[in-house]
Amino acid sequence: MALLVLTDASPLVGLSRIGGVDWLRELFGTVELTSAVREEVERGQVEPAIAAALDQGWLRTRPGEPLGDRPSHLGLGEWSTIVAAREHTGPVLVLLDDRLARREARAAGLNVAGTAAIVGLARRRGLIESARDVFERLLHSDFRIAPEIVRAVLEDG
């Protein structure tokens with residue numbers, strides 16, 4: 001069974017700021033987002049790279065709405081992503097950046113990665129030359145990643 005990759009809005013927005021949305025296609029093939037996440041990324045002006053990915057069909061909206069009570073510390077997009085991942089019967093990877101959302105997903109037994117991990121994976125797969133340069137561009141775009149996470153990815157190779 002193929003790996004399902006579900007993303008929250010933050011990794012999409014972060015990757016769009018550094019020209020990295022297409023890395024998701026290169027790394028995973030198809031990536032899905034919930035309706036709630038799609039609404040988040042489409043509020044205001046949708047990033048051109050995200051719009052292109054949706055038009056090309058490799059970034060797809062997953063039908064359905066989250067069931068159950070949403071914890072107050074999670075946004076609707078984060079919660080819908082976690083619920084959709086929990087409901088999936090096969091292997092799943094959840095792309096989340098928010099610390100509390102990542103904790104909630106891991107507590108549910110889900111595999112979790114964030115924007116920083118995607119940068120590291122892109123480097124290991126040869127999609128980018130320097131993770132350090134990408135992190136510098138990302139941090140200059142006002143995208144927040146904890147320094148210890150950046151350091152861990154850079155030390156990992």
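Guide: Helices here are DSSP runs of H or I with at least four residues, strands are runs of E with at least two, and both are numbered from the N terminus. With those terms, threonine 89 lies in the loop between α5 and β4 (92–95). Keep in mind that this is a predicted model.

Visitor: Why is threonine 89 called exposed?

Guide: Its relative accessible area is 75%. Exposed means over 50%. The value is over the cut-off, so threonine 89 counts as exposed.

Visitor: How far is the C-alpha atom of threonine 89 from that of leucine 4?

Guide: The two C-alpha atoms are separated by 9.7 Å. Along the chain, these residues are 85 residues apart.

Visitor: What makes β1 and β4 a pair?

Guide: Pairing needs at least two DSSP bridges between the strands. Four bridges join strand β1 (residues 4–7) to β4. That meets the cut-off, so they pair. The two strands run parallel. One example is valine 5, whose bridge partner in β4 is leucine 93.

Visitor: Why does β5 count as a partner of β4?

Guide: Three bridges join β4 to strand β5 (residues 111–113). At least two are needed, so this is a pair as well. These strands also run parallel. Here leucine 93 has asparagine 111 as its bridge partner in β5.

Visitor: Which way do the residues of β4 point, and are they buried or exposed?

Guide: Val92 and Val94 point one way, Leu93 and Leu95 the other. All are buried.

Visitor: How do you know that β2 and β3 pair?

Guide: Count the bridges: there are four. The rule asks for at least two, so β2 and β3 pass. They pair in the parallel sense. Threonine 34 stands opposite arginine 62 in β3. In β2, Glu32 and Thr34 point one way, while Val31 and Leu33 point the other way. All of these β2 residues are buried.

Visitor: Why are arginine 62 and glutamate 32 called a salt bridge?

Guide: Their side chains meet at 2.5 Å, N to O. The cut-off is within 4 Å, so the contact qualifies. Arginine 62 lies in strand β3 (residues 59–62) and glutamate 32 in strand β2 (residues 31–34), so the pair ties together parts that are 30 residues apart in sequence. Both residues are buried.

Visitor: What makes arginine 38 and glutamate 42 a salt bridge?

Guide: Their N to O distance is 2.9 Å. That is within 4 Å, so they qualify. Both lie in helix α3 (residues 35–42), four residues apart, about one turn of the helix.

Visitor: Why is arginine 38 called partly exposed?

Guide: Its relative accessibility is 29%. Buried is under 20% and exposed is over 50%, so 29% falls in between. Glutamate 42, at 36%, is partly exposed too.

Visitor: Which residues form a network of salt bridges?

Guide: Asp22, Arg25 and Glu26 are linked in one. Glutamate 26 and arginine 25 meet at 3.2 Å, N to O. That is within 4 Å, so the link counts. Glutamate 26 has 48% relative accessibility and counts as partly exposed. Arginine 25, at 30%, is partly exposed as well. By this rule, the count comes to four salt bridges.

Visitor: What makes α7 mostly covered?

Guide: Seven of its ten residues are buried. Among them are Ile118, Val119 and Leu121. The buried residues of α7 pack against α1, α2 (21–28), β4, α8 (131–140) and α9 (147–156). Glycine 126 follows α7, and its phi is positive, near 80°.

Visitor: Which residues touch the most other members of the largest nonpolar core?

Guide: The core has 36 residues. Trp23, Leu24, Phe28, Leu59, Ile118, Val119 and Phe135 touch the most other members. Leaving aside neighbours within four places in sequence, tryptophan 23 is in contact with Leu15, Ile18, Ile118, Val119, Ala122, Leu127, Ile128 and Val134. Another core, of 15 residues, lies apart from the largest one and includes Leu74, Trp79, Val83 and Ala85.

Visitor: Why would nonpolar side chains gather like that?

Guide: In soluble globular proteins, nonpolar side chains tend to be buried together.

Visitor: What is the volume of the largest pocket?

Guide: The volume is about 540 Å³. Of its 24 lining residues, Asp97, Asp98, Arg99, Arg102 and Arg144 are the closest to its centre. α6 gives the most to the lining, with four residues.

Methods: Residues are numbered from 1 along each chain as its sequence is written. This is a predicted model: local features need pLDDT of at least 70, side-chain atom pairs count only at pLDDT 80 or more; totals for chains, interfaces and linings use all residues. Side-chain values use heavy atoms; hydrogens and water are left out. A nonpolar core is a set of buried Ala, Val, Leu, Ile, Met, Phe, Trp, Tyr and Cys residues joined through side-chain atoms within 4.5 Å. Buried means under 20% relative accessible area, exposed over 50%, partly exposed in between (1.4 Å probe, protein chains only). Contact means heavy atoms within 4.5 Å. On a 1 Å grid over the protein atoms alone, a cavity is a set of points where a 1.4 Å probe fits but cannot get out, and a pocket is an open set with protein on both sides within 12 Å along at least five of seven lines; lining residues have an atom within 4 Å of a point. Grid points are joined across faces, edges and corners, and a volume is the space filled by probe spheres set on the points.
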